[in-house]
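Hi everyone, thanks for making time for this. I'd like to walk you through one structure, piece by piece, so please have a look at it first.

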There are 2 protein chains.
Amino acid sequence: MWAKPGHILLEIMSELVGNLLVAQSGGPTAVINASVAGVIQEAGRHPEVIEEIYGGLNGILGILNEELIDIQEEKRNSIEGLKHTPAAALGTCRYKIDFKKKPEQAARDMDRLFQVFQTHNIRFFFYAGGNDSQDTADKIHHEAVKRGWEMRVIGVPKTIDNDLPHTDHCPGYGSVIKYNATTVMEVAADVGSMATDDGSCCIIEVMGRAAGWIAAGTILAKRHPADAPHIILLPEIPFNEAGFLQKVKETVAAHRYCIVVVGEGLKDAGGKEIGADHTRLDAFGHPVLSGAAEVLEEIVHGKLNLKTRTVKLGYAQRAAAHCASGLDVEEAVACGGAAVRAAVEGKSGFMVKIVRISSKPYRWTTDLQPLGDIANVEHFMPRDWVTEDGFLPNEKFVEFAQPLIEGDLDLPQEGGLPRFSVLEKVRIEKKLPPR
Amino acid sequence: MWAKPGHILLEIMSELVGNLLVAQSGGPTAVINASVAGVIQEAGRHPEVIEEIYGGLNGILGILNEELIDIQEEKRNSIEGLKHTPAAALGTCRYKIDFKKKPEQAARDMDRLFQVFQTHNIRFFFYAGGNDSQDTADKIHHEAVKRGWEMRVIGVPKTIDNDLPHTDHCPGYGSVIKYNATTVMEVAADVGSMATDDGSCCIIEVMGRAAGWIAAGTILAKRHPADAPHIILLPEIPFNEAGFLQKVKETVAAHRYCIVVVGEGLKDAGGKEIGADHTRLDAFGHPVLSGAAEVLEEIVHGKLNLKTRTVKLGYAQRAAAHCASGLDVEEAVACGGAAVRAAVEGKSGFMVKIVRISSKPYRWTTDLQPLGDIANVEHFMPRDWVTEDGFLPNEKFVEFAQPLIEGDLDLPQEGGLPRFSVLEKVRIEKKLPPR
């Protein structure tokens, strides 16, 4: 006697029925909303197990405050439009549940989170974010097991920094390097056309505190040996001032101008960030980085007496939906969808990862990795993906990065500017006393 | 007896036959090459009077060095591609023929220029640039008359700063404000989604030394009263620190974040640029501006203890062909074409200007203005286009600016990045001794 496959599937899937909660965390990207759209649209395909679809406002912080919205009240067009809307449509946070530094607060937070989950019958929880966020998801997964609250927890990868391990790359990364490489091409055309015999230098500062993936990505603008960028300074490789100045001089002698890309977290030989303002700390206690380009400008102008200008793209680079990579959006949506399918299939405690099948032609799929393998592990540029002198990524990096920026989008426009989705954010009635 | 009109026209047009020289000057824009394409393509329609088409490398500086290229050696596709290529494809310069400060050098330069014109039988000269460049064109026009060298000199307007008088606006301006407004929308989405109760502020520095047109243009990102930009600081309006801080506080109280756009040339009540580094001067002896955003960041962070970040778009904004305005490209091409038609019709000593026929719907045409009316005159934002408190442009400005950013372009791409035209630059044989 054979059981009908459909019948078996239905039994497994109907094991756990309840509500879904999705939230976003950490620094936004151009495509983190695309992942949320992927979660929501896939969730809609499983009405037999997913009853209500909720969004948590401002990540874990909003959930602690029971600030949930009813996604079913949003227009389907608004959800589709999230695929082209930068930033975190649900709001985000940098809040960390830290059992080491603040054990009592962390214990209280966990209790409160599970009060919210249980009160609203959250059985499927999806958290889109980077290292810290995957760590939070991992803790929630283990707490759920410990507390006997059956809930499927799946992390959705997100970070422009591309520093998550185990995934081939991170959604958000392709878009930031597409925008930055485009900017390098355009700025180089400008600076090159202005260059006189006196020469000139332009230093473009991009994000990347520890890992140089973002800075490295601008190499894609270099189609010919003479093209910019001429020098890329990665946070992984200690700044060699003499070698750098020599390289600037050689480049200006050859081409009359020199385009330098610097990752904001560039460090000196002693490991100190050259652009750090140590008088100011961010929410995690790291020094605020703001000045790598300015410091380099001082060095180049001061020691070579060369006309030098700076560009600091800042938040503009991670929010540049108007220049997003088509592949990046597609993968971000797919990661959201894969997370929901994994949860519906009974998985919990995993992050969705992107697996590269081949580079030429580029083919990919998604898979799962235990959250514990991801949390708080940073993935750096391999040293053998950079030239020996350390000033440019090599062909191994180019093979890796090139496919990630391909594909353009036909973005909705209004009056010559992008039209982004704005959610209605209809609140779910609070049932708990304030935190 | 009636003369045939065609016959008369032919007689006038055949009056002057010779070669054409086109060159670019000053800071590049996203569309200055589109004007050159307009000149070249229109010139091709007048083979009866325009024999050879030459490009002058690096503006007046290259012409002084007899560095001319043969445009007929360029591919037609390369010329068409100039419409989507930022920067100055022919190279540019900031060289000024200054009879006041350097009379002897200026006299020598003029002699040399006319040696080059006469040696290469230049009878049609087109110079695309801003105030200084129109001044140069004006001087060349008068010198030609004085020297009895029959040559038609027409200026083609170009400047992101939008500070040329008599023209409704300048080619290059629509594209820079489209890119900057897009960036403001994207950064605002990012900062807004990160905002916690502590609040945050982001200061975006844009170009504009004397005139605030570029900063003002970002108002187009503001579709609703709560939208960014919340404050726009114009160089024309002396910085009122107390009023500014009060406005930042009110904005953060209302929206939890505040987006400030500042024109790099913002001045204090004493007329001193707040971001000027007076230890460094540019080619014209003006202090290098680099720090308005940083100065404001210090003020906001220091006095309000508010998390504050900066973005400095620098050259990226004027080179952003990937986000150019369709109308701007169309008008830039048309200005180039109109310049050639005017010259062929016998005009000299004029700049092409854009004339607005109506705003809703936007309709326009081109006309001519004597170069003497343009040279060295700066056109500022009218005070009654700005709100009384001076912190935002009003609806009069919006009506003016809105049409200028409309229309998108289908840009040629390669590997996920723009494909720009690169000219072959086949040199014309030098016939003069070196300068």
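Predicted model: local features only at pLDDT ≥ 70, side-chain atom pairs only at ≥ 80, totals over all residues.

Strand 2 of chain A, residues 50–56, runs antiparallel to strand 3 of chain A, and 3 bridges join them.

In chain A, 7 strands make an open sheet with mixed pairing, in the order 3-2-1-4-5-12-13. Which strands stand at its edges? They are strand 3 (68–70) and strand 13 (362–370) of chain A; each has a single partner strand, so one side of each is left without a neighbour in the sheet. From one strand to the next, the twist averages 30 degrees.

There is also a helix to look at here. Helix 12 of chain A, residues 326–344, packs on the sheet and touches strand 4 (122–129), strand 5 (152–157), strand 12 (350–359) and strand 13 of chain A. The direction of helix 12 makes about 165 degrees with that of strand 5 of chain A.

Next, the domains. Chain A is divided into domain 1, made of 5–158 + 323–375 + 406–418, and domain 2, covering 173–321. Their C-alpha centres are 34 Å apart. Domain 1 of chain A puts 16 residues into the contact and domain 2 of chain A puts in 11. On the domain 1 side, that makes 9 nonpolar, 5 polar and 2 charged residues.

Let's move over to chain B. Chain B has an open sheet of 7 strands in the order 3-2-1-4-5-12-13, again with mixed pairing. Its edge strands are strand 3 (68–70) and strand 13 (362–370) of chain B. Strand 12 of chain B, residues 350–359, pairs with strand 13 of chain B in the antiparallel sense over 9 bridges, and Ser358(B) stands opposite Arg363(B) in strand 13. In the loop between these two strands you'll find Pro361(B), joined to Lys360(B) by a cis peptide bond with omega of about 0 degrees.

Another cis peptide bond links Ala228(B) and Pro229(B), with omega of about -5 degrees. Pro229(B) belongs to the loop between helix 8 (213–217) and strand 7 (231–233) of chain B.

While we're in the loops, two residues have a positive phi without being glycine. Ala87(B), at about 70 degrees, lies in the loop between helix 4 (76–81) and helix 5 (103–119) of chain B. His166(B), at about 75 degrees, lies between strand 5 (152–157) and helix 7 of chain B. Buried or partly exposed? Ala87(B) counts as buried because it has 29 C-beta neighbours inside 10 Å, while His166(B), with 17, counts as partly exposed.

Last stop: where the chains meet. The contact takes 51 residues from chain B and 51 residues from chain A. On the chain B side, the elements giving two or more residues are helix 7 (173–194), strand 11 (307–312), helix 11 (315–318) and strand 15 (417–418). Helix 7 of chain B gives the largest share, 13 residues. By type, the chain B side divides into 26 nonpolar, 17 polar and 8 charged residues.

Definitions and conventions
Residues numbered from 1 in each chain as written. Chains lettered and ligands numbered in written order. Pairing = 2+ DSSP bridges. Helix = DSSP H or I, 4+ residues; strand = E, 2+ residues; numbered from the N terminus. Contact = placed C-beta atoms within 7 Å. Nonpolar A, V, L, I, M, F, W, Y, C, P; charged D, E, K, R; others polar. Axes fitted to C-alpha atoms, helices over the stretch in contact; angles between N-to-C directions. Domains from an automatic or database assignment. Buried ≥ 20, exposed ≤ 12 C-beta atoms within 10 Å, placed from the backbone.
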